[in-house]
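Here is a short briefing on a protein model. Look at the sequence and the fold, then work through the points below.

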Amino acid sequence: MSEQHKPLVTVYGDGQLARMMQPAAAELDIHLRVLASAPDKSAAQVIPDVVLGDYHDLDVLTAAAEGADAITFEHEHVPTEHVEALIADGLNVQPQPSALLYAQDKLLMRQKLAELGAPVPRFAAIESVEDARDFAALVDGHVCLKARRGGYDGHGVWFPSAKELEPLVEELLAAGTPLMAEEKVALTRELSVLAARRPSGEVKVWPVTESVQRDGICAEAFAPAPNLSPELAERAMQVGIKVATELGVTGVLAVELFAFATKQDAGCIIASASGAPGAVVEEDIAVNELAMRPHNTGHWTQDGCVTSQFEQHLRAVLDLPLGSTAALAPVTVMANVLGAEEDPQMPMPQRVREVMERYPQAKIHLYGKDHQPGRKIGHVNVVGEDVEETRGIAHDAAHFLVYAQWA
């Protein structure tokens with residue numbers, strides 16, 4: 001081992017996002033340390049320097065941060081007061097809680113984005129059944145109800161009917177769930193913009209990505225987003241840059257966006273990758289969510305981009321020059337590998353072998369997780385020239401890894 005000082009980055013969180021930082025850290029000779037809840041967690045399997053403990057415990061957080069040049073996160077759930085205490089002790093925490101709180105609380109996020117002039121759906125705090133009733137009247141019943149904190153992968157999001165709204169709000173508030181509501185928009189598709197910013201201010205943004213959600217979980221992602229007008233792509237990227245800059249985000253920021261129709265014309269058809277052709281000729285965007293960390297819709301960057309989101313995140317939190325975000329191919333498709341209802345008898349290593357033989361161009365990324373129905377256990381990236389052909393390969397490869405059968 002070299003006796004020269006290696007930059008040390010501590011990651012709070014033990015899932016696949018922290019796991020996928022390790023190859024990038026090794027290539028840059030960055031020492032990665034992970035705070036994990038158990039030694040068999042996804043990140044702890046591949047990162048040698050593991051501190052075991054609960055991220056709710058300030059003493060544990062402090063122990064994991066000892067000697068670190070930067071401390072970062074793979075989730076937004078570390079208590080803000082603990083993060084502020086670490087900063088008060090002189091530790092370099094990135095992103096700062098002044099930015100992170102807007103990824104932790106959806107109502108504060110909406111309020112701040114509206115203040116910045118970013119496009120957002122109509123929204124309101126819901127502190128009573130009367131609040132819910134008034135908001136439903138304002139948006140003609142098109143209500144999306146959200147838990148302000150803690151929701152992910154479809155959890156903490158509800159689309160109640162007019163009959164269901166008031167009893168659901170009453171039940172959730174009685175259970176102590178802080179709520180907000182926003183107007184449900186008529187989606188044409190879902191997009192995301194990933195940007196990275198370092199403390200000295202440099203910002204880089206990746207091409208806009210289109211994602212396909214199934215049961216609230218990202219199933220596929222396409223980059224660059226197919227059939228997206230250059231004007232809307234530029235607007236979306238500028239939203240990402242503005243949010244990263246104005247909120248002072250450091251590291252990777254994912255801005256999830258709703259795309260919706262603004263004009264329709266039966267004589268002009270544009271097909272998005274995620275669905276059947278539609279009569280949409282003009283789209284606009286509104287911000288859905290923020291995540292201040294690497295993101296599922298950015299996994300394509302591992303194989304389809306000059307600099308992956310994981311390498312860029314490490315560069316950013318250490319205030320190193322950011323890498324190029326240029327795409328390496330006309331299209332990259334990411335397909336998630338989600339656990340089936342029943343795990344096939346064929347062992348996963350054999351499934352991987354079968355995919356390798358049929359699709360040598362498929363890049364397989366597994367997370368070291370045991371099977372659970374619907375659980376993210378890996379993903380497949382495929383680069384290509386044609387969207388549908390590339391999508392077909394990625395989908396077939398992921399399908400075999402899930403079911404041990406070709407789609």
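Glutamate 210 stands opposite phenylalanine 222 in β12. Glutamate 210 of β11 also stands opposite leucine 191. Keep in mind that this is a predicted model.

- Strand β11 covers residues 209-214 and strand β12 covers residues 217-223.
- The two are joined by 5 bridges and run antiparallel.
- β11 and β12 form a hairpin with 2 residues between the strands.
- In this hairpin, aspartate 215 takes a positive phi near 55°.
- Strand β9, residues 187-197, is joined to β11 by 3 bridges.
- β9 and β11 run antiparallel.
- As a general point, strands of a sheet pair through backbone hydrogen bonds, either parallel or antiparallel.

**A parallel sheet**

- An open sheet is formed by 4 strands, in the order β3-β2-β1-β4.
- Here the pairing is parallel.
- Which strands sit at the edges of this sheet? They are β3 (49-52) and β4 (70-73), and each pairs on one side only.
- On average, neighbouring strands of this sheet are turned by 25° against each other, direction ignored.
- Strand β1, residues 8-12, is joined to β4 by 4 bridges.
- Threonine 10 stands opposite isoleucine 71 in β4.
- Helix α11, residues 309-317, lies across β1, β2 (31-36) and β4.
- This helix runs at about 140° to β4.

**Arginine 110**

- Arginine 110 lies in helix α6, which spans residues 106-116.
- Is arginine 110 buried or exposed? Its relative accessible area is 0%, so arginine 110 is buried.
- Its side chain makes a polar contact with the side chain of glutamate 182, at 2.6 Å.
- The side chain of arginine 110 also reaches the backbone oxygen of valine 287, at 3.1 Å.
- Leaving aside neighbours within four places in sequence, the contacts of arginine 110 include Val120, Pro121, Phe123, Lys146, Met180 and Asn288.

**Valine 355**

- Valine 355 has its place in helix α12, residues 348-358.
- Valine 355 is buried, because its relative accessible area is 0%.
- Alanine 397 is 42 residues away from valine 355 along the chain. Yet the C-alpha atoms of valine 355 and alanine 397 are separated by 5.8 Å.
- Besides Ala397, valine 355 is in contact with Pro360, Ala362, Ile364, Phe400, Leu401 and Trp406, leaving aside its neighbours within four places in sequence.

**Nonpolar cores**

- How many residues does the largest nonpolar core have? It has 47 residues.
- Tyr12, Val208, Leu290 and Met292 have the most contacts inside this core.
- Helix α9, residues 230-247, gives the most to the core, with 8 residues.
- Why does this core lie between domain 1 (6-92) and domain 3 (185-401)? Both domains give residues to the core, so it lies between them.
- A second, separate core has 22 residues. Among them are Met348, Ala362, Val382 and Phe400.

Conventions:
Residues are numbered from 1 along each chain as its sequence is written. This is a predicted model: local features need pLDDT of at least 70, side-chain atom pairs count only at pLDDT 80 or more; totals for chains, interfaces and linings use all residues. Side-chain values use heavy atoms; hydrogens and water are left out. Two strands pair if DSSP finds at least two bridges between them. Axes are lines fitted to C-alpha atoms, for helices over the stretch in contact, and angles run from 0 to 180 degrees between N-to-C directions. Contact means heavy atoms within 4.5 Å. Buried means under 20% relative accessible area, exposed over 50%, partly exposed in between (1.4 Å probe, protein chains only). A polar contact is a pair of N or O atoms within 3.5 Å; within protein, one must be able to donate a hydrogen and the other to accept it, and residues adjacent in sequence count only if both atoms are side-chain atoms. A nonpolar core is a set of buried Ala, Val, Leu, Ile, Met, Phe, Trp, Tyr and Cys residues joined through side-chain atoms within 4.5 Å. Domain bounds come from an automatic or database domain assignment.
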